[in-house]
Amino acid sequence: MIRNLGKAFIFFILSINILYANISIDMMANKKSIYFGDSLVVSVIVSKKSNLNLSSAKYIQPPFNNFTSKEINKKSIRQGGYDITQIDYLITPQKPGNYILDPAKMSIVEKKTALSSFFDTFFSHKPKAKIISSKMLSVTIKPLPSLVQLVGDFNISVKPNLLTADIDAPIVLSLKIEGEGALGNFDGLDYSIEGLNVRAQEPQIVQEIRGDKVFSNYTREYIFLSDHDFTIPSRNITIYNIKSNKIETIVTPSYDIKIIGSLNGLKQSDPSKNGVPLIVWLIVSFIAGLASMVAVLLMMSKKRNKQK
């Protein structure tokens with residue numbers, strides 16, 4: 001009996017080694033060092049032998065402490081007798097510094113076999129989950145030479161849908177940013193204007209990985225409502241260009257918006273009449289009205305005197 005137990009223990013140890021040989025999890029990043037404001041792509045790759053007999057397998061995502069993260073891609077293939085799944089995360093640092101990224105993990109439970117059932121009679125009736133971990137990653141987040149809004153190589157356009165509109169008709173200004181880079185913590189532009197109703201829509205962001213690089217497409221609309229003419233002001237966007245390693249400032253154009261039927265629009269479109277300033281016409285009209293009133297009063301006074 002002891003001899004059989006010894007054999008069972010040896011087979012049990014061998015089965016653990018076989019298990020770890022047939023399933024693996026790895027984690028890698030597209031860069032080891034970035035500037036604050038940029039983002040990293042972290043890829044987790046899980047490889048499992050296609051015929052591996054498991055009761056359950058649970059994937060545990062890395063916690064990404066000190067980073068914001070989102071899953072941007074997931075794909076699975078079967079190759080060489082293995083099922084391979086790759087999950088890509090876009091992670092953005094919250095502050096500069098040196099960081100260790102905790103590993104991704106798999107919690108797995110094997111299906112019972114005759115050998116494991118025999119072994120369980122001596123130790124446990126419930127199969128325990130085994131944890132398989134990837135390696136940890138070390139990354140460096142460098143501070144920027146000065147405060148910038150974006151890190152990357154981008155094309156930027158700002159354009160309204162109308163330059164002339166009726167009172168309270170919406171003027172929609174579209175901000176578009178596209179190119180290489182992850183946008184970081186960019187939160188759009190401030191178009192608040194005193195005396196104007198301005199509403200910023202939620203941004204639409206599409207990001208994809210090409211090779212080991214991140215490309216982003218950002219669109220945000222700003223809606224302006226007004227009963228008078230106004231100007232959409234220019235804005236500055238400061239970019240750290242990752243190709244030239246230089247800080248660039250993009251100045252967006254300003255736009256003069258004409259509101260049809262507005263009071264200031266009438267004044268601007270009709271400042272004079274036949275070359276005579278409007279104020280002169282107002283004074284002449286007032287004097288003429290006053291003279292007419294005096295004439296009527298004189299006529300009424302003469303009429304009363306005749307009756308007497």
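Modeller: Let's start at R78, which counts as exposed at 63% relative accessibility (buried means under 20% relative accessible area, exposed over 50%, and partly exposed in between, with a 1.4 Å probe and protein chains only). Before going on, note that this is a predicted model, in which local features need pLDDT of at least 70 and side-chain atom pairs count only at pLDDT 80 or more, while totals for chains, interfaces and linings use all residues. Residues are numbered from 1 along each chain as its sequence is written, and side-chain values use heavy atoms, leaving out hydrogens and water.

The side chain of R78 forms a salt bridge with that of D83, at 2.6 Å from N to O (a side-chain nitrogen of Lys or Arg within 4 Å of a carboxyl oxygen of Asp or Glu). D83 also has a salt bridge to K48, at 3.9 Å. D83 belongs to strand β6 (residues 82–93) and K48 to strand β3 (residues 40–49), so this pair ties together parts that are 35 residues apart in sequence. Strands here are DSSP runs of E with at least two residues, and helices are runs of H or I with at least four, both numbered from the N terminus.

Stay on β6 and move to D88, which lies in that strand. D88 is buried but has no salt bridge, and K75, the nearest side chain of opposite charge, is 5.7 Å away (Lys and Arg count as positive, Asp and Glu as negative; His and the chain ends are not counted). What does the side chain of D88 make a polar contact with? The partner is the side chain of S43, at 2.6 Å (a polar contact is a pair of N or O atoms within 3.5 Å; within protein, one must be able to donate a hydrogen and the other to accept it, and residues adjacent in sequence count only if both atoms are side-chain atoms). Setting aside neighbours within four places in sequence, D88 is in contact (heavy atoms within 4.5 Å) with residues including V41, V42, K70, I72 and I209.

Of its 24 residues, I25, V42, V44, F67, I91 and L101 touch the most other members. Strands supplying at least two residues each include β3, β6 and β7 (97–101), and β3 gives the most, with 4 residues. L101 touches M27, V42, F67, I91, M136, L137 and V139, not counting residues up to four places away in sequence.

A104 counts as buried, at 0% relative accessibility. With the same exclusion of residues up to four places away, A104 touches I25, M27 and V44, among others such as Y59 and I132. A104 and I132 are 28 residues apart in sequence and 8.6 Å apart in space, C-alpha to C-alpha.

Conventions: A nonpolar core is a set of buried Ala, Val, Leu, Ile, Met, Phe, Trp, Tyr and Cys residues joined through side-chain atoms within 4.5 Å.
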